[in-house]
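Biologist: Hi! Can we go through this model together, a bit at a time?

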Amino acid sequence: MNFIDKVRVYAAAGNGGDGSLSFRRLKFLEFGGPNGGDGGKGGDVWLEAAARLTTLMDLHFRPHVEAPRGGHGKGSNKTGDSGADLVVKVPVGTVVYRDGALVADLFKDGQRWRAAEGGRGGRGNNSFKTHANVAPRLAEKGAPGERATLDLELKLLADVGLVGFPNAGKSSFLARVSSAKPKIAAYPFTTLSPNLGVAWHKNVSFVVADIPGLIEGASQGKGLGVQFLRHVERTRVLVHLVDPAGYMGEEPLAGVKTIERELKGFGGRLADKPKILVVNKMDQPEGEAVFKAFKKKYRDRVLAASVATGEGLDAVLDRVIQELAKHDGPELFEARAPAEALHKVEQGFTVHNLGGGVFQLRGRFVERASAMLDTALPEAVSRYQHTLKRIGVDRALKKAGVRNGDRVRCGGFEFDWSDAPLRKLPVKKGDKRTRIGVGKK
Ligand SMILES: Nc1nc2c(ncn2[C@@H]2O[C@H](COP(=O)(O)OP(=O)(O)OP(=O)(O)O)[C@@H](O)[C@H]2O)c(=O)[nH]1
Ligand SMILES: [Mg+2]
């Protein structure tokens with residue numbers, strides 16, 4: 001097992017550092033004002049395409065990737081250190097899905113994509129200083145880092161894909177036209193994972209991908225299945241090689257239909273790709289008759305060659321570069337930026353009545369605000385209450401039927417609901433009566 005082309009990754013960005021609550025102490029000044037610094041930002045998790053990698057094996061064995069948290073803020077207005085970003089290298093051609101939607105296509109060496117964003121640092125009390133409140137006893141905890149479950153798939157980037165039954169001569173073709181050295185043998189399923197090679201013909205260079213052979217029912221998972229077809233999904237041209245001896249008793253002409261069906265069965269873009277049909281092994285006695293029959297049906301869409309002797313190969317490569325010139329590449333996947341969609345619902349929230357006097361509050365903004373709340377600080381609690389009220393949470397809870405003493409859950413945080421009117425901001429020093437009484441679960 002050395003070629004892994006599909007993996008599920010759990011990315012956790014670092015939490016932000018907590019803001020500091022601190023006051024200056026001077027010898028002749030009894031009260032020196034707030035000087036608690038902000039927490040540092042948590043580290044991001046990035047994916048970066050690296051040309052030297054050819055498989056997703058590293059991630060297969062270590063699918064949990066985690067960036068460090070930000071440092072806590074300190075007194076004397078010292079900001080906490082930012083958590084270092086974690087950069088995870090993946091092979092060029094890795095595409096990323098989140099909840100089934102394509103979110104990134106890392107097709108270029110060195111290209112980076114942020115998989116999870118570090119939480120911002122909590123603000124220290126110095127940041128809350130205002131004319132109305134010169135000595136805030138208020139600081140935020142760091143925002144939680146983003147957590148993301150991502151499905152990574154390697155779709156090799158090649159210009160030409162070789163398809164056909166096992167034993168048709170695909171690997172031999174690759175070895176002949178490039179300096180790649182794939183395994184070649186006189187039995188089916190010699191190739192177990194894709195091979196790439198760079199070919200040159202008449203001053204045109206192109207990348208050729210050789211994949212394991214297809215058989216009937218491959219799209220239902222027979223043989224090595226069709227999973228390797230994803231590696232020719234981005235090619236611009238397919239070369240379909242045919243063995244004139246047929247495969248497992250199936251006539252070559254009927255065999256072409258079988259392979260076509262499997263390509264269709266894979267879905268996506270394979271069925272519509274330009275194809276060059278090549279009857280290979282023309283040095284074999286049955287070659288001539290088979291090619292004649294093909295010619296009748298496919299006319300000039302079929303070529304004859306012998307990878308073994310090199311006969312006819314120039315004409316095949318001529319056709320390849322003609323087709324490549326017609327179809328610009330490489331085929332990239334259009335990744336929709338999910339961030340946009342998220343921004344729109346950033347401030348949105350939902351309220352669910354779970355029954356038994358328990359309510360669930362959901363939403364990115366409210367969950368983050370809850371996670372950043374330091375319940376030991378009455379001023380912070382009061383500010384949190386006002387925030388919820390301002391964005392309409394109170395009204396939504398009442399509409400959902402909340403009553404005095406009910407529980408409201410938000411992320412990992414719970415509080416009791418009270419109908420009492422909110423206190424004015426800022427809360428006076430020493431005022432312990434707050435509507436929110438309970439801390440984390
Ligand atoms: N006589 C003759 N034999 C060939 C020719 N091309 C390939 N072969 C032979 O056919 C056999 C299969 O070749 P491969 O290149 O391994 O075939 P493949 O399509 O890659 O097969 P899988 O990897 O199993 O799908 C080997 O024994 C090759 O030497 C040819 O033009 N003429
Ligand atoms: Mg092979």
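**A chat about the fold**

Modeller: Let's start with Asn 203, which counts as exposed because it has 6 C-beta neighbours inside 10 Å. The rule is that 20 or more other C-beta atoms within 10 Å of a residue's own make it buried, 12 or fewer make it exposed, and anything in between is partly exposed, with C-beta atoms placed from the backbone. Keep in mind that this is a predicted model: local features need pLDDT of at least 70, side-chain atom pairs count only at pLDDT 80 or more, and totals for chains, interfaces and linings use all residues. Residues are numbered from 1 along each chain as its sequence is written, while chains are lettered from A and ligands numbered from 1 in the order in which they are written.

Biologist: Got it. Where is Asn 203 found?

Modeller: In the loop between β10 (195–201) and β11 (204–210). Strands here are DSSP runs of E with at least two residues, helices are runs of H or I with at least four, and both are numbered from the N terminus. Asn 203 also has a positive phi of about 65°, although it is not a glycine.

Biologist: What about Asn 77, what phi does it have?

Modeller: A positive one of about 55°, and Asn 77 is not a glycine either. You'll find Asn 77 in the loop between β3 and β4 (86–91). It counts as partly exposed, because it has 17 C-beta neighbours inside 10 Å.

Biologist: OK, sheets next. What is the order of the 5 strands in the open sheet?

Modeller: The order is β3-β1-β8-β5-β6, with mixed pairing. Two strands pair if DSSP finds at least two bridges between them. β3 (64–66) and β6 (101–106) stand at the edges with a single partner strand each, so one side of each has no neighbour in the sheet. From one strand to the next, the twist averages 30°; that kind of angle is taken between N-to-C directions of axes fitted to C-alpha atoms (for helices, over the stretch in contact) and runs from 0 to 180 degrees.

Biologist: How many bridges join β1 to β8?

Modeller: There are 7, between β1 (residues 6–12) and β8 (residues 147–154), and the two strands run antiparallel. One pair to look for is Ala 11, opposite Ala 148 in β8.

Biologist: And which strands does β5 pair with?

Modeller: β5 pairs with β8 in the antiparallel sense over 4 bridges, and Thr 94 stands opposite Leu 154 there. Strand β5 (residues 94–98) also pairs with β6, antiparallel again, over 5 bridges. Val 95 has Asp 105 in β6 as its bridge partner. β5 and β6 make a hairpin with 2 residues between them, and Asp 99 in the turn has a positive phi of about 50°.

Biologist: Which strands form the open sheet of 4?

Modeller: Those are β15-β16-β17-β18, in that order, with mixed pairing. At the edges are β15 (350–355) and β18 (413–416), each pairing on one side only. Neighbouring strands are turned by 25° against each other on average, direction ignored. β15 and strand β16 (residues 358–362) run antiparallel and are joined by 5 bridges; Gly 355 stands opposite Val 358 in β16.

Biologist: What lies across β16, β17 and β18?

Modeller: That's α7, running at about 100° to β17 (407–410).

Biologist: Which residues of α8 are buried?

Modeller: Among them are Pro 378, Val 381, Tyr 384 and Leu 388. Helix α8 (residues 378–390) has 13 residues and reaches 18 Å from its first C-alpha to its last, close to the 18 Å expected; the expected span is 1.5 Å times one less than the number of residues. Just after α8, Gly 392 takes a positive phi of about 95°.

Biologist: Last one: which residues come nearest to ligand 1?

Modeller: Gly 169, Ser 171, Ser 172, Thr 191 and Gly 213, out of 24 residues around ligand 1. A residue is near if its C-beta atom, placed from the backbone, lies within 6 Å of the molecule. By class, that shell has 10 nonpolar, 11 polar and 3 charged residues. Ala, Val, Leu, Ile, Met, Phe, Trp, Tyr, Cys and Pro count as nonpolar, Asp, Glu, Lys and Arg as charged, and the others, Gly among them, as polar.

Notes
Two residues are in contact if their C-beta atoms, placed from the backbone, lie within 7 Å.
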